[in-house]
Amino acid sequence: MAKTIVVTGATGTQGSSIVRVMLETGEWKVRAVTRNPESDAAKAIAAKGAEIVVADYDDEKSVKKAFEGAHAIFALTNWWEYLRRGHNQEACGEIEERQGMTLARAAAEIPTLEHYIWSTLPAAKEITGGKHPVPHFDYKAVVDRRIRDELPALAAKTTSLFFGFYPSNFAYFPMLKPMPVPFAPGRYVWLVPSKKEAKVPISGDMTVAPGVFVRQILANPSKTHGKYAAVCAEVCTLDYLLKTWSEVTGKTGVFMEISVESFAALLGVAGQEAALQLKFGEAVPDWYEHVKDQFVSKEELGITVAEIADFRGSLEALKEHLG
Ligand SMILES: NC(=O)c1ccc[n+]([C@@H]2O[C@H](COP(=O)([O-])OP(=O)(O)OC[C@H]3O[C@@H](n4cnc5c(N)ncnc54)[C@H](OP(=O)(O)O)[C@@H]3O)[C@@H](O)[C@H]2O)c1
């Protein structure tokens, strides 16, 4: 009999890839969690064969109900949604931690559960001795720790899954896109509060990579229980990202380092948060070094870059949305 995976965030970037790839295995039933079953995204995944269930992380009962009978759960929180609603960075983190623990506690009560996959990011503040806090990283990392400390039975069947920078940010995240320069036709400036030599892990094609990682994590429980993995196809310098963007779009991109203060003055709190992340990246070229003893590589999971696409391949697939 097919097992059931419950996918939270199923209408979003990470979750929709997982829904699609897990349905394609033919071995899993997929239950997709949303607050709004009438959205186009929810209807699209229902049309592919997912069961839709309505739940809200702020309503623990609805989450428990959504998780009933699950063999696997993918759990995701969205720090940025609460920033868009007007909360400050720390308040978004507190909401993220609370929601992350709601999901974990609900999962811990599911007797059928074999595998819990928690979408997380590195403990930036801790790794840098307090120098480079990144709220949308740090509160996710607090949930990792609290699962270990407060829910040890769940921790034993948890894989904490880091996500690298999405190539699709170049299409859909306006503040991270090169901008046309009105007085220099054909030239685009990429304003970045970081050195161009800084390195960043790249997730791969976000329509494919999250699903492939979840599929392979679930196929290898003895390697992945209690461990970390990273949705990461390759690690690139910012300079390389822009050069590749220029080659794929045929436009001339010019890298321009800008101070954190100026970036925040232009883009507000969201800009400040993105800048904090980039400063962390400058200080810590290997985001996964701090958990290297518990880390399972993509090679150990049997994942090839050919399947999830490198940065160039991911941009090629997004070409019509890069303008
Ligand atoms: N952009 C990047 O490069 C990057 C890289 C690494 C990690 N991340 C992290 O990725 C996370 C966001 O994931 P994403 O990109 O997949 O987001 P997304 O595309 O914006 O989708 C967000 C999903 O979360 C669900 N959701 C949010 N709040 C909910 C709640 N209270 N109850 C139930 N569902 C809720 C939404 O469901 P409904 O709206 O359908 O209810 C939606 O499916 C963020 O925390 C971010 O820090 C981003």
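This is a predicted model: local features need pLDDT of at least 70, side-chain atom pairs count only at pLDDT 80 or more; totals for chains, interfaces and linings use all residues.

Student: Is Ala 275 buried or exposed?

Tutor: Ala 275 has a relative accessible area of 0%, so it is buried. Its place is in helix α13, residues 260–283 (helices are DSSP runs of H or I, at least four residues, and strands are runs of E, at least two, numbered from the N terminus).

Student: What does Ala 275 touch?

Tutor: Contact means heavy atoms within 4.5 Å. Leaving out residues up to four places away in sequence, Ala 275 touches Pro 193, Val 260 and Phe 263. Ala 275 and Ser 194 are 81 residues apart in sequence, yet 7.6 Å apart in space, C-alpha to C-alpha.

Student: Where is Ser 203?

Tutor: Ser 203 sits in the loop between β9 (199–202) and α10 (209–219). Ser 203 is buried too, at a relative accessible area of 0%. Among the residues it touches, not counting those up to four places away in sequence, are Tyr 166, Cys 232 and Ile 308.

Student: How do I read a sheet?

Tutor: Look for paired strands: two strands pair if DSSP finds at least two bridges between them. Here an open sheet of three strands runs β7-β8-β12, with mixed pairing. β7 (179–180) and β12 (252–257) stand at the edges with a single partner strand each, so one side of each has no neighbour in the sheet. β8 (residues 187–192) and β12 pair in the parallel sense over six bridges, and Arg 187 stands opposite Thr 252 in β12.

Student: Which residues are closest to the ligand?

Tutor: A residue is near a molecule if one of its heavy atoms lies within 4 Å of it. The ligand is surrounded by 28 residues, the closest being Thr 11, Thr 34, Arg 35, Tyr 166 and Asn 169. For polar contacts, look for a pair of N or O atoms within 3.5 Å. A ligand oxygen atom is 2.8 Å from an N or O atom in the side chain of Arg 35, and a ligand oxygen atom is 2.8 Å from one in the side chain of Asn 169.

Key:
Residues are numbered from 1 along each chain as its sequence is written. Side-chain values use heavy atoms; hydrogens and water are left out. A polar contact is a pair of N or O atoms within 3.5 Å; within protein, one must be able to donate a hydrogen and the other to accept it, and residues adjacent in sequence count only if both atoms are side-chain atoms. Buried means under 20% relative accessible area, exposed over 50%, partly exposed in between (1.4 Å probe, protein chains only).
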